[in-house]
Amino acid sequence: MATARDICNRGLRKARVVGHGDDPAAEDAAAALEDLNMMLAAWKLAGVDISHTALVLGDTFPLADEFEEGTV
């Protein structure tokens with residue numbers, strides 16, 4: 001299973017904030033994590049409750065593998 005860090009890193013690469021094989025700067029990783037948490041909270045407000053609690057970068061991503069790419 002992926003971690004929140006994996007999801008954030010993939011999102012930052014997809015947005016071309018960091019290059020493939022590069023690690024994001026701490027501030028970029030923190031901003032991506034904040035965005036991920038806000039997105040998951042917005043899903044709950046829209047009726048998609050995944051029992052989300054705020055994630056930290058080392059936490060396991062709370063959805064099954066098949067939902068990773070859609071979240072990224």
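In these notes, contact, or touching, means heavy atoms within 4.5 Å. Please bear in mind that this is a predicted model, in which local features need pLDDT of at least 70 and side-chain atom pairs count only at pLDDT 80 or more, while totals for chains, interfaces and linings use all residues. Residues are numbered from 1 along each chain as its sequence is written, and side-chain values use heavy atoms, with hydrogens and water left out.

1. Let's start with Cys-8. Not counting residues up to four places away in sequence, Cys-8 touches Ala-32, Leu-33, Leu-36 and Leu-57. Cys-8 is also one of the residues that touch the most other members of the largest nonpolar core, alongside Leu-33, Leu-36, Leu-55 and Phe-61. That core has 16 residues; a nonpolar core is a set of buried Ala, Val, Leu, Ile, Met, Phe, Trp, Tyr and Cys residues joined through side-chain atoms within 4.5 Å. Helix α2 gives the most to this core, with five residues.

2. Now the helix pair. Helices here are DSSP runs (H or I, at least four residues), numbered from the N terminus. The axes of α1 (residues 4-14) and α2 (residues 26-45) come within 9 Å and cross at roughly 105°. Therefore α1 is roughly perpendicular to α2, a label for angles of 65 to 115 degrees. The axes are lines fitted to C-alpha atoms over the stretch in contact, and angles run from 0 to 180 degrees between N-to-C directions.

3. Which residues of α1 and α2 meet? Ala-4, Ile-7, Cys-8 and Leu-12 come from α1, and Asp-28, Ala-29, Ala-32, Leu-33 and Leu-36 from α2.

4. Burial in α1 is worth a look too. Its buried residues (under 20% relative accessible area, 1.4 Å probe, protein chains only) are Ala-4, Ile-7, Cys-8, Asn-9, Gly-11, Leu-12 and Arg-13. They pack against α2 and α3 (68-71). Just after α1, Arg-16 takes a positive phi of about 60°.

5. Glu-68, in helix α3, counts as buried because its relative accessibility is 12%. Leaving out residues up to four places away in sequence, Glu-68 touches Ala-2, Ile-7, Arg-10 and Phe-61.

6. Finally, Asn-37 lies in helix α2 and is buried, at 13% relative accessibility. Setting aside neighbours within four places in sequence, Asn-37 is in contact with His-52, Thr-53, Ala-54 and Leu-55.

How values were computed: Helices (H or I, at least four residues) and strands (E, at least two) are DSSP runs, numbered from the N terminus. Angles under 35 degrees count as roughly parallel, over 145 as roughly antiparallel, 65 to 115 as roughly perpendicular and the rest as oblique. Buried means under 20% relative accessible area, exposed over 50%, partly exposed in between (1.4 Å probe, protein chains only).
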